[in-house]
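Here is a short report on a few local features of the structure below.

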Amino acid sequence: MSGRIEAAFAAAKAEDRAAFVPYLTAGYPDRAGFLEAVRTLTPYADLIEVGLPYSDPLGDGPTIQRSSEAALAGGVRTADVLDMIRDLRAETDVPLLVMTYYNPIFCYAGGGEAGFVRDVAAAGADGLILPDLPPEEAGSLIEAARAADLATTFLLAPTSTDARIAAVTDACRGFVYAVSVTGVTGAREALPADVPALVRRIQAASDLPVAVGFGVSGAATARPVAAAADGVVVGSALVRTLGEGGDLAALAAEIAGACRRTPVAG
Amino acid sequence: MTHAPTFDFPYPDARGRFGAYGGRYVPETLIPALDELAAAHDDAIRDPAFAAHLAEVLRDAVGRPSLLSEATRTSERLGLRVWLKREDLNHTGAHKINNTVGQVLLARRMGKTRIIAETGAGQHGVATATAAAMFGLPCVVYMGEEDVRRQALNVVRMRLLGAEVVPVTSGTRTLKDATNEAIRDWVTNVRDTFYVIGSVVGPHPYPRIVRDFQAVVGEETMAQLTERTGRDVPDAVVACVGGGSNAIGIFAPFAYLPAERRPRLIGVEAAGHGVGTGAHAASITAGKRGVLHGAMMYLMSDDDGQISPAHSVSAGLDYPGVGPEHSYYADAGLAEYVGVDDGAALAAFQRFAREEGILPALETSHALAYLDELATQLPAGADVVVNLSGRGDKDVNEAMRVLNLGADVQPGGEAPS
């Protein structure tokens with residue numbers, strides 16, 4: 001693989017930080033606004049998750065649903081998302097992860113699954129995050145991704161059994177994504193107390209870094225996650241701030257600060 | 001006669017596949033719940049006490065067996081023997097309740113304490129609210145805001161039955177989006193909640209569960225045909241197909257018969273304004289393979305895999321996908337799928353009411369409309385069974401609007417817009 005994902009988690013670990021992994025929906029609020037927002041986040045981010053907007057995002061709460069609808073209504077196509085990834089790759093070495101539901105991969109006009117994997121890798125992405133694709137259904141996709149040097153991140157949840165944790169981590173490359181709550185994406189005031197226990201169960205089964213997402217909305221929710229996990233994924237809170245024209249840099253700085261496990265002196 | 005269900009079909013396989021179709025494309029949170037559900041269903045259908053209890057509920061609360069009656073004037077006009085499987089006479093007026101009482105019994109057996117469902121026109125929502133009321137469980141029904149507006153009567157019925165109706169404002173604000181929202185609720189409340197899916201769609205084991213609970217329709221048909229005609233298999237079986245639950249219910253017991261015994265099975269999809277216009281719901285006739293609501297199936301999507309909005313004059317067929325078992329039947333040649341457009345369905349709706357004294361649902365009217373074409377293909381006197389999947393009372397407002405039949409009975413004398 002490109003090695004960017006491994007290097008990013010290693011660098012954060014060396015500084016006693018959890019990696020900060022912001023998510024934005026590609027093409028939201030529009031193409032230029034999205035690229036500008038990524039540039040705003042890049043100084044704070046260890047990895048960046050780029051959401052491919054989808055018509056039926058059944059794992060997402062209202063904020064990301066609306067941003068996806070707005071991006072699609074604005075005419076964003078899969079080919080445009082690949083263009084945006086190419087633009088970003090030309091500017092930065094930060095690892096870029098494409099978060100996408102399965103139907104846009106399966107139906108990809110440029111050659112289905114194999115074509116999608118090839119083109120995403122060629123555009124400069126480092127990995128795929130697959131929220132509605134369990135590894136059992138992903139045999140041929142995994143094979144294509146391995147050949148293209150593209151990491152595959154499947155999700156684990158609080159309901160996952162130890163057997164599932166073993167099977168899912170086995171199919172992951174790059175890192176493992178642990179969902180903090182039983183539920184959909186969306187900013188929350190507090191997260192369940194059992195998040196550290198889930199992270200420990202996953203770490204016991206795998207050497208890959210574990211990033212936790214769903215519900216992290218600011219420093220207060222990021223801090224306990226950062227204490228337990230190797231990475232903190234934040235989506236809805238950033239997308240909402242972007243949509244409202246709020247101070248994206250300030251929110252990113254706040255969360256990145258909360259990802260540090262030992263406070264910086266001075 | 002009360003039919004004891006057999007629940008004995010060769011598909012899906014252990015991975016939840018009907019050939020290339022089906023499977024489980026859902027967030028990880030749901031995988032353990034789907035495993036638990038599959039195990040509970042397996043266990044229930046092997047338990048004679050469960051089958052006996054279900055048969056009792058189907059008899060006493062649903063009114064089964066439903067009649068198999070001959071459509072005599074239609075038969076005469078077409079030169080066929082047209083038999084009607086009268087699911088419209090079930091409690092709540094459609095086949096939907098066969099499945100909801102089965103799933104709610106399963107929910108109770110699993111110790112789940114809350115019922116959720118999606119609904120389009122409201123028929124499945126009403127059937128779920130009814131089953132939940134019968135067994136004293138709280139029920140939440142997700143319904144697209146657009147359908148809430150179009151089907152106000154069913155919203156009130158559900159509320160009277162004690163259900164909470166949640167309008168869904170995302171996407172196209174119709175059945176597809178109501179299904180997304182029900183899945184989101186289930187992901188969130190998976191530990192205590194049972195999701196009653198209304199058609200043969202969704203992740204494994206749902207297409208199987210709904211098929212198993214609807215197959216009583218086809219099994220009764222075989223027994224009743226034997227009584228009436230001396231043969232258990234007709235020449236053709238016709239049913240409308242949206243997601244496809246009424247069609248699977250009547251097809252499945254016939255579909256896996258040896259080829260020489262198998263009747264023609266004809267699924268009629270909604271061609272809306274015509275399959276060439278893009279405004280239709282004919283997923284097999286004019287769609288392609290893809291993943292929707294957790295399963296591989298034929299569906300309608302654009303070149304990027306974005307799901308296309310469906311259109312049909314009948315809300316119950318207004319869905320951009322079709323169950324994985326139908327997708328398999330189509331590929332394997334076990335059934336044929338054809339399209340009937342809005343105009344032909346509306347014409348059949350009116351003619352059938354006058355010819356038989358039965359007001360069929362607009363969904364069912366698509367199947368009835370295909371009989372004219374079928375009559376040109378079959379020998380005189382051939383036995384054809386139509387699944388009369390639902391009654392048309394719910395469609396009276398739509399008939400007033402589209403056919404302008406109610407102008408003189410509306411307040412102010414104007415047709416509703």
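B:Cys139 is buried: its relative accessible area is 6%, and the cut-off for buried is under 20%. The model is predicted. A:Cys259 also counts as buried, because its relative accessibility is 0%. The two values are set out here.

| Residue | Relative accessibility |
|---|---|
| B:Cys139 | 6% |
| A:Cys259 | 0% |

How many disulfides does a search of the whole structure find? Over all chains, the search returns zero.

Next, a helix of chain A. Helix H2 of chain A spans residues 31–41. Its buried residues are A:Gly33, A:Phe34, A:Leu35, A:Ala37, A:Val38 and A:Leu41. In an α-helix, residues three or four places apart point the same way, because a turn takes 3.6 residues. What do the buried residues of H2(A) pack against? Their partners in chain A are strands E1 (19–25) and E2 (48–51), plus helices H4 (78–91), H11 (236–243) and H12 (248–258). At the N-terminal end, A:Asp30 caps H2(A). A side-chain oxygen of A:Asp30 sits 3.3 Å from the backbone nitrogen of A:Ala32.

Last, the largest pocket. Its volume is about 510 Å³. The lining of the largest pocket has 22 residues. Nearest the centre lie B:Arg149, B:Arg150, B:Asn397, B:Glu398 and B:Arg401. Three helices of chain B give two or more residues to this lining: H6 (145–150), H7 (152–160) and H17 (396–403). H17(B) supplies the largest share, five residues. By type, the lining divides into seven nonpolar, seven polar and eight charged residues.

Notes
Residues numbered from 1 in each chain as written. Chains lettered and ligands numbered in written order. Predicted model: local features only at pLDDT ≥ 70, side-chain atom pairs only at ≥ 80, totals over all residues. Heavy atoms only, no water. 1 Å grid on protein atoms, 1.4 Å probe; cavity = no way out; pocket = protein on both sides within 12 Å on 5 of 7 lines; lining within 4 Å. Points joined across faces, edges and corners; volume = space filled by probe spheres on them. Helix = DSSP H or I, 4+ residues; strand = E, 2+ residues; numbered from the N terminus. Nonpolar A, V, L, I, M, F, W, Y, C, P; charged D, E, K, R; others polar. Disulfide = S-S within 2.5 Å. Buried < 20%, exposed > 50% of the residue type's maximum accessible area, 1.4 Å probe, protein only. Contact = heavy atoms within 4.5 Å. Polar contact = N/O pair within 3.5 Å; in protein donor to acceptor, adjacent residues only side chain to side chain.
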